[in-house]
Amino acid sequence: MVQYVLIVAGGRGARMGGEVPKQFLLVKGKPLLMYTIEAFYSYNPHIKVILVLPSSQQDYWADLCKVHHFSLAHTVVDGGETRFHSVKNGLAYVTTSGLVGVHDGVRPFVSQQVIASCYALAAQKKAVIPVVNVIETVRHLLPDGTSETVDREEYKLVQTPQVFEADLLKRAYEQPFVSSFTDDASVVEALGFPVYLTEGNRENIKITTPFDLRMAEAIIK
C-alpha cells in the first residue's frame with residue numbers, strides 16, 4: 001500500500017521573536033524541517049513526502065537544501081490561507097489510493113514506533129491519530145468567570161502524524177471550511193466517520209517558542 005505524508009510547514013515564527021520562520025531555525029546546525037522529513041524516511045525509505053510551504057518561503061527552503069546538501073526527495077506544494085487549505089492543496093498531489101499522514105513540520109521528534117503504529121492501524125481503521133495523556137490538572141472555565149476541575153482521565157492531547165485512508169481524507173477535504181476544523185481528525189469527523197487513537201510519544205512536541213527550541217537542542221544528540 002502506497003504511503004504518503006503531507007508535512008505542513010507554514011508557520012511564521014512570531015512566538016519565537018525572530019524573523020526566520022520556525023521550521024527553518026537551526027538546531028545543532030541543521031534546520032528543524034530537515035529533521036522532520038528525515039524521521040519519515042527513516043521509517044519508510046519509499047514514503048512519498050509532500051511538503052506544503054508558503055510560496056514566499058520556497059526559494060529560501062531551496063537555498064537551505066543546497067547549503068545543507070539535503071537531497072531526500074520531496075514535492076513542494078504551495079500553502080493556503082489556513083492549515084485546512086494547505087492540506088487540501090497537498091492532497092491534490094496524492095495521486096493513488098493508499099494511506100496519507102499529515103504531520104506538523106515543527107514536530108521533528110516523532111518516534112519511529114509512533115509513525116509505524118499510526119500507519120499500521122490506519123490500514124485497518126482508516127483514521128488514526130496519536131495522543132498522549134494529560135498530566136497536569138485541568139480546569140474548565142465557566143460563563144460566570146469561575147472555573148472547575150475536570151477529570152483529566154477523560155481527555156487526551158493530540159499529536160501528529162494523523163493518518164487516514166487517502167480516499168477518505170480527500171472526501172473529507174471536499175467539505176467547506178469551518179473554524180471548528182482545528183486538525184485533520186476534526187475534518188474527518190465532520191463526515192460522521194470515527195477516528196481511532198494510538199499512543200504518541202512525549203518528546204513529539206510542536207516547537208513554537210524559544211523554550212521549545214532549547215528543549216530541541218537538549219533532545220538532539
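This is a predicted model: local features need pLDDT of at least 70, side-chain atom pairs count only at pLDDT 80 or more; totals for chains, interfaces and linings use all residues.

Reader: To how many disulfides does the count come?

Author: A pair of cysteine sulfur atoms has to lie within 2.5 Å to be a disulfide. By that rule, the count comes to zero.

Reader: Now to the helices. At what angle do α1 and α4 pack?

Author: Helix α1 covers residues 32-43 and helix α4 covers residues 112-125. Their axes are 10 Å apart, and the crossing is right-handed. The packing angle is about 65°.

Reader: How many nonpolar, polar and charged residues does that contact of α1 with α4 have?

Author: On the α1 side are A39, F40, S42 and Y43, which meet Q112, I115, A116 and Y119 of α4. Sorted by class, the contact has six nonpolar, two polar and no charged residues.

Reader: Staying with helix α1, is T36 buried or exposed?

Author: T36 is part of helix α1. Beyond four places in sequence, T36 is in contact with I7, H103, D104, G105, R107 and P108. Its relative accessibility is 0%, and the cut-off for burial is under 20%, so T36 counts as buried.

Reader: Which residues does V8 contact, leaving aside its neighbours within four places in sequence?

Author: V8 lies in strand β1, residues 3-8, and is buried, with a relative accessible area of 12%. The C-alpha atom of V8 is separated by 29 Å from that of V138, 130 residues apart along the chain. The contacts of V8 are V52, R83, S86, V87, V102, H103, D104 and G105.

Reader: What about V187: which residues does it touch, not counting those up to four places away in sequence?

Author: V187 belongs to helix α6, residues 184-189, and has a relative accessible area of 1%, so it is buried. Its C-alpha atom and that of A216, 29 residues apart along the chain, are separated by 30 Å. The residues that V187 touches are F84, A172, Y173, Q175 and F181.

Reader: And V158: is it buried, partly exposed or exposed?

Author: V158 has its place in strand β10 and touches R107, I129, P130, V131 and D183, not counting residues up to four places away in sequence. The C-alpha atoms of V158 and M1 are separated by 26 Å. With a relative accessibility of 39%, between the cut-offs of 20% and 50%, V158 counts as partly exposed.

Reader: Let us turn to the backbone. Is the peptide bond from T160 to P161 cis or trans?

Author: P161 sits in the loop between β10 (156-158) and β11 (162-165). Most peptide bonds are trans. The bond from T160 to P161 has omega near 15°, and is cis.

Reader: What is the phi of H69?

Author: Most residues other than glycine have a negative phi. H69 is found in the loop between α2 (58-67) and β5 (75-78), and at 70% relative accessibility it counts as exposed. H69 is not a glycine, yet its phi is positive, at about 55°.

Reader: Last one: what is the phi of K126?

Author: K126 has its place in the loop between α4 and β7 (127-133). At 34% relative accessibility, K126 counts as partly exposed. Although K126 is not a glycine, its phi is positive, at about 80°.

How values were computed
Residues are numbered from 1 along each chain as its sequence is written. Side-chain values use heavy atoms; hydrogens and water are left out. Axes are lines fitted to C-alpha atoms, for helices over the stretch in contact, and angles run from 0 to 180 degrees between N-to-C directions. Helices (H or I, at least four residues) and strands (E, at least two) are DSSP runs, numbered from the N terminus. A crossing is left-handed if the near helix is turned anticlockwise from the far one by less than a right angle, and right-handed if clockwise. Contact means heavy atoms within 4.5 Å. Ala, Val, Leu, Ile, Met, Phe, Trp, Tyr, Cys and Pro count as nonpolar, Asp, Glu, Lys and Arg as charged, and the others, Gly among them, as polar. Buried means under 20% relative accessible area, exposed over 50%, partly exposed in between (1.4 Å probe, protein chains only).
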